Each structure stands twice: as structure tokens, then as C-alpha cells.
Amino acid sequence: MNSKYDQTAGSRIYETIRSRIEDLYYEPGSELSITELTQDLGVSRSPVRDALLRLERDKLIDIYPQRGTWVSRLDVKNIMQERFLRLSVEENVFRVCIENVLENEERKIRFSSQLRANLVQQSACLSINDIRAFIDLDVDFHRNFYIEIGFERIYKVIEAHTGNERRIRILNNMNHDAAQAVYEEHLAMTQAIEDERGDEVLVVLSHHFSKLNDEVEELVRLYPAYFTEESRKKENDRK
């Protein structure tokens with residue numbers, strides 16, 4: 001019983017710290033104090049240390065023995081690899097989902113209604129500039145395609161390995177125009193499904209991801225302190 005409780009508590013602590021890192025409450029390059037974390041979370045040092053070790057493996061924090069622990073700065077190379085992983089999987093997930101959904105009119109209506117309901121909430125978040133809530137809805141929009149074909153486990157695998165990609169999305173969507181563009185692409189995907197233009201959904205999805213190169217270059221310029229020295233150097237070399 002105690003072992004199970006400890007494991008559950010450890011997972012909760014890990015998810016809490018990870019969420020704060022991904023949502024930029026803990027900014028890239030900021031120091032994390034184990035003492036402050038234990039006080040804030042109301043737990044002992046042991047589960048916090050275990051959570052930090054997991055987060056280091058996720059490439060979300062850097063631990064330097066005898067020196068301290070810092071939130072990892074954003075590394076463009078890692079971000080691009082995470083985005084490549086996500087796109088490679090999602091292109092196939094979306095394709096399978098669309099093929100299945102368009103085989104049955106009732107299923108198509110139900111699924112597109114779910115997407116429409118999500119879009120209503122996205123629009124509401126944009127109207128009050130609640131970007132973090134908007135990102136959560138962005139995540140849910142994509143997750144709907146996995147759930148529709150019973151691929152929740154695959155989604156969890158992707159989610160576990162794309163924490164830096166979420167950070168860059170949060171940072172990019174702090175620009176309201178960028179978030180608005182994401183919303184409009186989601187809207188275009190939904191409309192294409194309703195009109196049974198499945199191939200167009202995949203075209204929009206590919207464009208949805210391909211914009212990252214230009215976005216990252218601009219973010220390195222705007223937030224240099226958030227990025228690794230190597231990422232900043234590559235950006236300067238391109239100038």
C-alpha cells in the first residue's frame with residue numbers, strides 16, 4: 001500500500017513540475033531549488049529528487065552535481081527532432097482517422113461536432129488572450145484524432161517526448177496573431193472534414209507544422225536568454 005501511494009505521489013509531483021516547465025511558469029534558464037519545491041509541494045526531498053531525474057531524462061532540466069538544478073534552455077535541435085517525431089506520427093494518425101470517419105455520415109457528424117465544440121472554446125480563449133488555456137485546447141483538438149481511432153496510448157508516448165515542442169508553442173503563441181493563425185488552420189481542417197476533403201486536412205496539417213522553422217528563428221531573436229548558446233550562435237550565423 002505504501003509503495004503504491006509513494007509511486008502515485010511521485011507521479012503527481014513529476015507531472016506538476018513538468019507542467020510548470022512546459023507552460024513557462026518556470027522559465028528556461030531559471031534555477032530550481034529543491035528546498036523551495038518541497039515546501040511549495042508539501043512533500044519530502046526524495047520524491048522531488050526522483051521527479052527531477054525524470055525531467056532531466058526528458059531534457060527539460062539540467063542537473064549539475066554540487067552546483068544546482070536549472071530549467072533547460074530551449075535547444076533548437078531538440079525542438080526540431082520533437083516536432084519531426086510528432087509530425088511523422090500525426091500525419092498517419094490523421095490519415096487513418098479521416099478515412100474511418102468519412103466512411104460513416106453519422107460518425108463524421110459526431111466527430112466534426114466535437115472539433116467544432118473545441119473551436120468555440122479556442123475562440124473564447126483568444127478573445128480574452130488566455131494563451132495557456134488556448135494551448136490546452138490546441139492539444140485537445142489534435143488528441144481527438146488519436147482518441148477517435150483508439151490510439152490514446154500512442155498519444156501519451158508522443159506527449160511524453162515532446163515537452164520542449166510544447167514550450168516553443170507556448171512561447172510562439174504569446175503572439176496573438178500566431179495563435180489566431182493556429183485557430184484558423186484548425187477551422188480549415190474541420191471544414192475540410194465536413195466537406196469530405198480528406199486530403200486537404202493533411203495539407204493543412206503539414207503547413208501547420210512546417211511554419212516552425214521561421215517561427216523559431218524569430219523566437220531566438222526575441223527571447224535569446226531562453227535559448228542555448230548553440231541555438232543563438234546558429235541564429236547569428238544565419239544573419
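Contact means heavy atoms within 4.5 Å. Axes are lines fitted to C-alpha atoms, for helices over the stretch in contact, and angles run from 0 to 180 degrees between N-to-C directions. Helices (H or I, at least four residues) and strands (E, at least two) are DSSP runs, numbered from the N terminus. The model is predicted: local features need pLDDT of at least 70, side-chain atom pairs count only at pLDDT 80 or more, and totals for chains, interfaces and linings use all residues. Residues are numbered from 1 along each chain as its sequence is written, and side-chain values use heavy atoms, with hydrogens and water left out.

Helix H3 (residues 45-57) lies across strands E1, E2 and E3. Its direction is about 115° to that of E2. The three strands form an open sheet in the order E1-E3-E2, with antiparallel pairing. Strands E1 (31-32) and E2 (61-64) stand at the edges, each with a single partner strand, so one side of each is left without a neighbour in the sheet. Two strands count as paired if DSSP finds at least two bridges between them. Strands of a sheet pair through backbone hydrogen bonds, either parallel or antiparallel.

Four bridges join E2 to the antiparallel strand E3 (residues 68-71). Ile 61 has Val 71 of E3 as its bridge partner. Ile 63 is bridged to Thr 69 of E3. Tyr 64 stands opposite Gly 68 in E3. E2 and E3 form a hairpin with three residues between them. In the turn, Gln 66 has a positive phi of about 70°. On the E1 side, E1 and E3 pair in the antiparallel sense over two bridges. Thr 69 of E3 is the bridge partner of Leu 32.

Positive phi values also occur in two loops. Leu 24 is not a glycine, yet has a positive phi of about 70°. Leu 24 lies in the loop between helix H1 (2-22) and E1. Burial is judged by relative accessible area: buried means under 20%, exposed over 50%, and partly exposed in between (1.4 Å probe, protein chains only). At 8% relative accessibility, Leu 24 counts as buried. Lys 59, likewise not a glycine, has a positive phi of about 65°. Lys 59 is in the loop between H3 and E2. Its relative accessibility is 47%, so Lys 59 counts as partly exposed.

A nonpolar core is a set of buried Ala, Val, Leu, Ile, Met, Phe, Trp, Tyr and Cys residues joined through side-chain atoms within 4.5 Å. The largest such core has 46 residues. Those with the most contacts inside this core are Phe 94, Phe 145, Ile 168 and Phe 227. At least two core residues come from each of helix H4 (76-101), H5, helix H6 (131-148), helix H7 (152-160), helix H8 (163-173), helix H9 (176-194), helix H10 (198-210) and helix H11 (212-222). A second, separate core of 16 residues includes Ile 13, Tyr 14, Ala 51 and Ile 61. Leaving aside neighbours within four places in sequence, Phe 227 is in contact with Arg 73, Leu 74, Val 76, Ile 168, Leu 171, Leu 219, Val 220 and Arg 232.

Asn 118 is in H5 (residues 105-127). At 6% relative accessibility, Asn 118 counts as buried. Not counting residues up to four places away in sequence, Asn 118 touches Leu 137, Asp 140 and Phe 141. Lys 108 is also placed in H5. At 8% relative accessibility, Lys 108 counts as buried. With residues up to four places away in sequence not counted, Lys 108 touches Val 101, Leu 102, Ile 193, Glu 194 and Glu 196.

The axes of H9 and H10 come within 8 Å and cross at roughly 165°. That makes H9 roughly antiparallel to H10 (angles under 35 degrees count as roughly parallel, over 145 as roughly antiparallel, 65 to 115 as roughly perpendicular and the rest as oblique). From H9, the contact is made by Val 182, Glu 185, His 186, Ala 188, Met 189, Ala 192 and Ile 193. From H10, the contributors are Gly 198, Glu 200, Val 201, Val 204, Leu 205, His 207 and His 208.
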